[in-house]
Amino acid sequence: PAVEEEEAVAGLAELLAPAAGSAAQAGAAETALALSGTAAGRRLLAGQPAALEALLELATGPCPPAGSCPPLAARHALGCLVNVSAEPEAHEALLAALPALLRLLPGGEACGVLANLCREREGARRVLGGLSESGSGLDPLLQALGEPRPPPQVGPLLCNLSQLPEGRRGLLDRSRCSVQRLLPFTQYKDSVVHRRGIVGALRNCCFEYEDHEWLLGEEVDILPFLLLPLAGPEELPEDEMERLPVDLQYLPQDKLREEEPDIRRMLLEAMLLLTATRAGRQMVRDKGTYVVLRELHRWEQEPEVLGACEKLIQVLIGDEPGPGMENLLEVNIPEEVEQELQRLDREEEERWRREEGQEVQDSRPCP
């Protein structure tokens with residue numbers, strides 16, 4: 001049966017080629033898309049270089065005239081590649097076609113393919129290199145955030161690119177106000193995939209402790225954007241209310257907390273990273289963060305989120321570290337911290353996928 005399946009995919013590759021004609025291409029692309037909807041089908045396509053090459057050629061063919069949609073066959077082929085790109089065996093063939101894929105940005109499906117290719121550091125490094133060589137850098141992705149309905153896959157792509165220091169530097173470029181474009185999406189209701197990715201990217205940016213005072217200062221003012229999704233409708237004493245940032249004061253009675261546990265965890269991790277330095281700890285304390293965390297701790301049911309909340313509370317109410325230990329990121333070695341967060345992200349993603357029964361085209365945020 002395996003040989004028969006491989007022969008069938010080889011035949012499919014022939015039907016995807018231009019010589020087969022547009023009608024045959026469209027039918028073959030639709031078949032390939034359906035095949036990629038199962039794990040076995042994705043593995044089968046990933047192991048067939050001819051099929052991948054034909055799908056790439058179809059998906060990245062000549063751009064349609066302005067204002068018109070790509071042909072249906074091209075859309076099916078690109079959707080298939082989003083799914084197949086989750087298979088590591090397909091990565092090298094897809095990365096070899098990187099210049100053609102980058103030309104499709106900031107389209108959602110192209111972002112989905114690239115997000116999957118960036119799940120590991122080497123893939124992220126190559127995609128960042130391709131963006132740099134194209135001269136555009138992160139600009140197409142950041143500009144897409146200004147669209148009325150940004151492609152949801154932009155969030156995971158930015159998150160996966162920000163697992164690398166050079167990706168974080170692109171988002172923390174002060175001259176372009178890049179990171180400020182991410183902030184409103186911590187409360188973005190239209191797509192949990194997009195919201196998860198953006199929060200992951202912000203969390204990753206907080207590894208750069210040299211930028212903490214800037215991030216917490218007036219120019220960026222990141223803390224209210226991290227705290228607001230964690231705040232509930234609780235009534236607070238007047239003196240506590242006045243300590244909070246203005247955006248967190250007198251919230252309505254129907255205010256809901258972030259519904260996804262892994263996003264709540266990443267928000268807490270971002271704030272924990274911001275408390276790595278003495279100056280950061282003081283700035284976070286001064287904004288009344290403890291009050292929000294105290295109410296969150298009373299409400300929270302998820303053990304991993306509770307643990308992250310307790311760690312942050314400990315830092316805020318505990319004694320200051322001794323001489324030479326002021327920078328907690330330097331003490332704990334960032335690489336080890338990042339690897340642990342990456343492990344938690346992977347576990348959370350697998351749990352989330354099992355519960356939601358979601359297809360693989362939504363890639364995980366990874367540090």
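Modeller: Let's start with who touches whom along the chain. Of the contacts in the protein chain with a separation of 6 or more, 72% are between residues 24 or more positions apart. Keep in mind that this is a predicted model. The chain has 23 helices and zero strands, and 53% of its 367 residues are buried.

In soluble globular proteins, nonpolar side chains tend to be buried together. Here, the largest nonpolar core has 103 residues, and the members that touch the most other members are Leu182, Ile222 and Leu268. Helix H18, which covers residues 261–274, gives this core its largest share, eight residues. Let's zoom in on Leu268. If you skip residues up to four places away in sequence, Leu268 touches Leu230, Leu293, Leu296, Val305, Ala308, Cys309 and Leu312.

Leu94 has a relative accessible area of 0%, so it counts as buried, the cut-off being under 20%. What does Leu94 touch, leaving aside neighbours within four places in sequence? Its contacts are Leu56, Leu81, Ser85, Leu101, Val113 and Leu117. Take Leu81 from that list: Leu81 and Leu94 are 13 residues apart in sequence, and their C-alpha atoms are 8.7 Å apart in space.

The loops have some backbone details worth a look too. Most residues other than glycine have a negative phi, and most peptide bonds are trans. Against that background, check Leu105 and Pro106: they are joined by a cis peptide bond, with omega at about 5°. Pro106 lies in the loop between helix H7 (98–102) and helix H8 (108–117).

Next comes Cys177, which isn't a glycine but has a positive phi of about 50°. You'll find Cys177 in the loop between helix H12 (165–171) and helix H13 (178–182). Its relative accessibility is 38%, so Cys177 counts as partly exposed. Tyr250, also not a glycine, has a positive phi near 50°. Tyr250 is in the loop between helix H17 (238–243) and H18, and H18 is the helix that gives the core its largest share.

Notes. Residues numbered from 1 in each chain as written. Predicted model: local features only at pLDDT ≥ 70, side-chain atom pairs only at ≥ 80, totals over all residues. Heavy atoms only, no water. Core = buried A, V, L, I, M, F, W, Y, C linked by side-chain atoms within 4.5 Å. Buried < 20%, exposed > 50% of the residue type's maximum accessible area, 1.4 Å probe, protein only. Helix = DSSP H or I, 4+ residues; strand = E, 2+ residues; numbered from the N terminus. Contact = heavy atoms within 4.5 Å.
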